Amino acid sequence: MKKILEILRSSLLAGICIGIAGFGYLAVGGIAGAVAFCCGLIAVVAYKLKLYTGTAGFIVKGELGTLMLVLLGNILGCLCMALLARVSPMPLQETAEKILSARLATGPWKAGLLAIGCGFLMTTAVTFARRGQWLPLLFCVPMFIFCGFPHCVADAFYYLTCSLSFWGEHLWSILLLYLCIVIGNFVGCNLYRLITFRTQPD
């Protein structure tokens, strides 16, 4: 039980970090917003927190349940920031709904395939950052945003920031979309294993 609570605490804080990054992206947008988003992943790695896309590429056999617990904590952390976004005087909700509308227009299967690119970039970024090499992270994070590769934790923040009426209109489509993105991120995070047959990055 103690281990579960520790994982939830760590993943909750990681979700808050990514939520703050997403908050900044919604507020600023463009290139500046994409670069500013890096602060979220920098905080996650620096504090050694549990983030789905920073964990999925490093799990070993039997840890899938732990990974799902990490995702749950990340989503709860994003929910905290989404509630904060609702009281902001900036039009964050409208911007978030534009992002979600674009995801829905892309469709779940295509979004899931695009999410593979994000997963690969995130495992690459975290691998180098853990070695004290932060430059790849500063390129990988804006890259997945520029390419439109969905990140399941960042997307959780955007989706939860959307209005309840928007959710009411698209509930099942959103859930299917999100599931495909989670799976796509997982595949991307482990792409190096599928191609090189390595259990961990060098």
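Y47 counts as exposed because its relative accessibility is 60%; exposed means over 50% relative accessible area, buried under 20%, and partly exposed in between, with a 1.4 Å probe and protein chains only. Y47 sits in the loop between α3 and α4 (52-55). Helices here are DSSP runs of H or I with at least four residues, strands are runs of E with at least two, and both are numbered from the N terminus. Y47 is 39 residues from L8 in sequence, and their C-alpha atoms are 15 Å apart in space.

This is a predicted model, in which local features need pLDDT of at least 70 and side-chain atom pairs count only at pLDDT 80 or more, while totals for chains, interfaces and linings use all residues. Residues are numbered from 1 along each chain as its sequence is written, and side-chain values use heavy atoms, with hydrogens and water left out.

The loop that holds Y47 also holds K48. K48 follows α3 and has a positive phi, near 55°, although K48 is not a glycine. K48 is exposed because its relative accessible area is 73%.

What does L41 touch, not counting residues up to four places away in sequence? L41 touches I18, L51, M122, A125, V126, L137 and V141, where contact means heavy atoms within 4.5 Å.

L41 also belongs to the largest nonpolar core, which has 59 residues. A nonpolar core is a set of buried Ala, Val, Leu, Ile, Met, Phe, Trp, Tyr and Cys residues joined through side-chain atoms within 4.5 Å. Those with the most contacts inside this core are F37, L41, V141, F157, Y158 and Y159. At least two residues of the core come from each of α1 (2-28), α3 (38-46), α5 (64-85), α6 (92-106), α7 (108-129), α8 (135-147), α9 (152-161) and α10 (164-189). In soluble globular proteins, nonpolar side chains tend to be buried together.

Leaving aside neighbours within four places in sequence, N74 is in contact with S11, L12, A14, G15, K50, L51, Y52 and V153. Between α5 and α6 there is a loop that contains V87. V87 counts as exposed, because its relative accessibility is 64%. The C-alpha atoms of V87 and F37 are separated by 21 Å, and the two residues are 50 places apart along the chain.

Helix α6 includes S101, which is partly exposed because its relative accessible area is 33%. The axes of α6 and α9 come within 8 Å and cross at roughly 120°; axes are lines fitted to C-alpha atoms, for helices over the stretch in contact, and angles run from 0 to 180 degrees between N-to-C directions. On the α6 side the contact is made by L92, Q93, A96, I99, L100 and R103, and on the α9 side by D155, Y158, Y159 and T161.

Where does α10 bend? The bend is at H170 and is about 85°, taken as the angle between axes fitted to the seven residues ending there and the seven starting there. A straight helix of 26 residues would span 38 Å at 1.5 Å a residue, but α10 spans only 31 Å between its end C-alpha atoms; the expected span is 1.5 Å times one less than the number of residues.

The buried residues of α10 include F166, W167, I174 and L177. As a group, the buried residues of α10 pack against α4, α5, α6, α7, α9 and α11 (191-196). With α7, the axis of α10 comes within 6 Å, and the two cross at roughly 35°. In α7, residues including P108, W109, A111 and G112 meet residues of α10, among them L176, L177, C180 and I181.
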